[in-house]
Amino acid sequence: MNRLLAHAVLFSAFLCSSAPAFALDKVTFATNWRAEAEHGGFYQAVADGTYAKYGLDVTILQGGPQVNNRLLLAAGRIDFDMGANMIQAFDAAQQGIPIVAIASMFQKDPIVLLSHPDAGFDKFTDLPKATAFIGKDALVSVYQWLKATYGFSEDKIKPYNFNAAPFLADKNSIEQGYATSEPYEIEREGHFKPNVFLLADYGYDSYSTTIEARRDLIEKNPDLVQRFVDASIIGWYHYIYGDNHAANALIKKDNPDINDELLAYSVKKLREAGIVDSGDSLTLGIGAMTDQRMKSFFDKMVAAGLFKPDLDYKRGYSLVFVNKGVGLDQRPKP
């Protein structure tokens with residue numbers, strides 16, 4: 001009898017071991033730049049198995065200066081992409097492009113203006129007087145808001161090509177950047193701490209680092225979309241509050257030019273400035289977006305001349321997949 005029972009147990013074990021494993025849904029997510037800490041939550045969800053727990057096999061496709069992954073999304077070549085800000089989402093609505101922002105991993109856009117200390121540009125109101133190193137994308141977007149709101153002018157513009165040398169050489173200049181990277185580079189190359197003005201603190205209330213999806217995927221497979229959003233949110237909690245070494249290893253594998261010091265600096269700034277977790281996300285969870293905030297930013301972009309007031313801008317985003325409190329229990333207790 002015992003021998004028969006043993007054979008039955010072995011046969012049952014054989015059946016279990018030979019059964020096919022549960023297949024994960026393959027998903028491709030494209031970023032908008034080379035791998036960096038600003039993408040850390042997504043890499044974290046790969047590294048610590050969060051995506052797999054949500055039934056997803058996620059491939060992260062890097063962006064870069066010569067890459068436009070939003071085109072791949074629009075063409076159906078990838079499943080999700082990372083949007084830079086809500087101007088892109090409003091523009092998609094204006095152009096009739098079926099791309100929708102479905103979550104915002106950053107509550108604050110990390111874009112900053114930098115100035116030299118003790119050069120007469122220590123207050124935000126001083127900055128319009130300075131020569132401004134501004135890139136092409138920022139010139140037609142955020143700089144138009146600066147013109148309309150704070151009196152900046154285009155006659156002081158010089159091109160910014162992601163090279164700090166011209167700014168370092170001219171104390172009467174300002175430079176665009178991101179709170180998580182350019183101040184670090186200025187300190188390293190210029191051996192001084194620049195003044196850092198986070199535009200989100202001066203009324204530029206765009207969401208940033210959004211997750212975008214095609215409208216047809218949202219309609220046909222909302223469960224897949226929800227799982228990707230939820231797992232990405234958990235990944236961001238783990239990345240900024242937990243052990244992110246494995247995620248950073250994946251980031252460095254994709255982008256060998258980045259180093260541990262910059263990654264640590266970036267994560268510190270993401271926390272300090274509340275870029276990922278502040279405002280609405282404190283109660284609604286990371287990824288939070290609201291209609292009120294969207295209207296506020298849209299109205300500002302209308303005033304800056306970027307959009308017509310009758311645009312149906314709400315077609316550019318959806319609140320269906322966020323504001324559910326996912327991951328709130330992952331935040332460290334005070």
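The dialogue below moves from the whole protein to single residues.

Q: What kind of model is this, and how are its residues numbered?
A: This is a predicted model, in which local features need pLDDT of at least 70 and side-chain atom pairs count only at pLDDT 80 or more, while totals for chains, interfaces and linings use all residues. Residues are numbered from 1 along each chain as its sequence is written, and side-chain values use heavy atoms, with hydrogens and water left out.

Q: How many helices and strands does the protein have?
A: Helices (H or I, at least four residues) and strands (E, at least two) are DSSP runs, numbered from the N terminus. The protein has 15 helices and 10 strands.

Q: What share of the residues counts as buried?
A: A residue is buried under 20% relative accessible area, exposed over 50% and partly exposed in between, with a 1.4 Å probe and protein chains only. Of the 334 residues here, 49% are buried.

Q: How is an aromatic pair described?
A: One gives the distance of the ring centres and the angle of the planes. Rings of Phe, Tyr and Trp (its six-membered ring) pair if their centres lie within 6.5 Å; planes under 30 degrees apart are stacked, over 60 edge-to-face, and the rest tilted. The whole structure holds 27 such pairs. One of them joins Phe 29 and Phe 228, a tilted pair at 5.5 Å between centres and 45° between planes. Phe 29 belongs to strand β1 (residues 25–30) and Phe 228 to helix α11 (residues 222–241), so the pair links parts of the chain 199 residues apart. Both residues are buried.

Q: How does the span of α11 compare with the span expected?
A: The expected span of a helix is 1.5 Å times one less than its number of residues. With 20 residues, α11 reaches 29 Å from its first C-alpha to its last, close to the expected 28 Å.

Q: Why is α11 described as largely enclosed by the rest of the structure?
A: The description holds because 16 of its 20 residues are buried.

Q: Which strands pair with β3?
A: Two strands pair if DSSP finds at least two bridges between them. Strands β1 and β3 run parallel and are joined by two bridges, with Phe 29 opposite Phe 80 in β3. Strand β10 (residues 208–214) pairs with β3 in the antiparallel sense over five bridges, and Thr 210 in β10 is the bridge partner of Gly 83. In β3 itself (residues 80–85), five of the six residues are buried.
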